[in-house]
Amino acid sequence: MIDLDSLLSSLWPIAQARVPDTEVIRIEDAFDRVLAKPVISGLDVPGHDNTSMDGYAVRCADFLSCSQFAVSQRVPAGSAPQPLEQGTVARVFTGAPIPEGADAVIMQEEATVGEDGLVAFANLPKSGQWIRRRGEDIVAGQVLVPSGTRLNAFKVSLIASVGVHEVEVYKRLKVGVFVTGSELQRPGQPLSPGQIYNSNEYVWRGLLRAMHVEIESLGIVPDTLSATCDALRKLRGCDVVISSGGVSVGEEDHVKPAVESMGTLSSWKVATKPGKPLAVGELNRDDGSTCRFFGLPGNPVSSSVAFLLLVKPFIALMQGHALEAVDWRLRLREKTADFDWLRPDTRREEFLRVRDTPQGLTLFPNQSSGVLTSMDQSTGLVRLPVGKVVRRGDSLSYVDFQDLMQ
Ligand code: AMP
Ligand code: MG
């Protein structure tokens, strides 16, 4: 058996070493994509000193000798002003450039226009007031968005604000999935005796969808070697292939020999509970390249947990995400147990389904790896070292599902 940390340390460089293909797309289509090349601003934002108020652009020094001013020009937003004539003011509107020579704006509420058209002001201006300075938000040459960033609404808007309309992003990964089990039936179909519904596929679909990958699913594959080999052959053009079930060493478990017939298995048993057995390997393609393979256990909790802890970060790294963003171990937090766990596993570390409550972490009563409600009714996982007995009040390492699923 290999322990989880060793497996992660060996897997993640493989994911990072993949040089993903990139494509250039319009910013309208860039939401949720991962940036492959940093966006560098070619502009200062704002591009010129401008007024943040409707009012008058003035030269402060003029107030030493004058108390009434002629309006020498009118500057709406979007126009180019003349230099400000001495002893005069410029009528300006929010966003308008500040005329050369002006050093403050007085808001229109503080201005009185006489019958002669001259303007008097209620207060003396302070140098710089109501002026937004050139480059105060962004300066030309600045890295606006670094590569490896997933583009959300604010980031795309920021990119638009410097006039960039195309970005280079990583191509979407293609993930192939299938579930093995002659007992499985599709939701919506009646169950024959001994059948159960395929639920595993939907955990992955939901989580993969949130990762913005393309999904190619073969659905249910019966427990035969030839059907399993067929499925692998059909999907090995994908970047990653994931299966569930059939990874034990029973007569009805064909994933191991099927993978070995067209690739290699690098690891077989992982010392986690739930989670063992778990197959990690590669499928060879005809052109000599390979595709990554993860054979997850059939039990719904085991397959979900293995997906969250191993497969999801692996795919995220392949997408170009930074390691700090995907390493869920950095999101583990110390929390107090509000339960006892007196018979820990002596060979494997455990991931217990718990609820984070104001009283501390409470344990979902049924920790069986087949009980899917334990995932739904919990808020996260406790990572419990091998052989650790837990007593109420102990401090435990907890990771929230929100952090695992984001
Ligand atoms: P296996 O790993 O194939 O031995 O399956 C372990 C357990 O998980 C068995 O009880 C299976 O019926 C169940 N199982 C396997 N695949 C799925 C699936 N796709 N959805 C729900 N349960 C499954
Ligand atoms: Mg099976």
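Reply: The largest cavity has a volume of about 80 Å³. A cavity here is a set of points, on a 1 Å grid over the protein atoms alone, where a 1.4 Å probe fits but cannot get out; grid points are joined across faces, edges and corners, and the volume is the space filled by probe spheres set on the points. This is a predicted model, in which local features need pLDDT of at least 70 and side-chain atom pairs count only at pLDDT 80 or more, while totals for chains, interfaces and linings use all residues. Residues are numbered from 1 along each chain as its sequence is written, chains are lettered from A and ligands numbered from 1 in the order in which they are written, and side-chain values use heavy atoms, with hydrogens and water left out.

Around the largest cavity you will find Asp32, Arg33, Val34, Arg150, Tyr170, Lys171, Arg172, Leu173, Met211, His212 and Gln319, lining residues being those with an atom within 4 Å of a point. Five of these are charged, four nonpolar and two polar. Here Asp, Glu, Lys and Arg count as charged, Ala, Val, Leu, Ile, Met, Phe, Trp, Tyr, Cys and Pro as nonpolar, and the others, Gly among them, as polar.

In total there are two cavities of 30 Å³ or more.

Now to the packing. The largest nonpolar core has 44 residues, and Leu208, Ile242, Phe294, Leu296, Leu310 and Ile315 have the most contacts inside it. Such a core is a set of buried Ala, Val, Leu, Ile, Met, Phe, Trp, Tyr and Cys residues joined through side-chain atoms within 4.5 Å, where buried means under 20% relative accessible area (1.4 Å probe, protein chains only). Helix 6 gives the most to this core as well, with 13 residues. Leaving aside neighbours within four places in sequence, Leu296 is in contact (heavy atoms within 4.5 Å) with residues including Trp204, Ile242, Leu278, Ala306 and Val311. A second, separate core of 20 residues includes Met262, Trp268, Leu283 and Phe293.

Note on methods: On a 1 Å grid over the protein atoms alone, a cavity is a set of points where a 1.4 Å probe fits but cannot get out, and a pocket is an open set with protein on both sides within 12 Å along at least five of seven lines; lining residues have an atom within 4 Å of a point. Buried means under 20% relative accessible area, exposed over 50%, partly exposed in between (1.4 Å probe, protein chains only). Helices (H or I, at least four residues) and strands (E, at least two) are DSSP runs, numbered from the N terminus.
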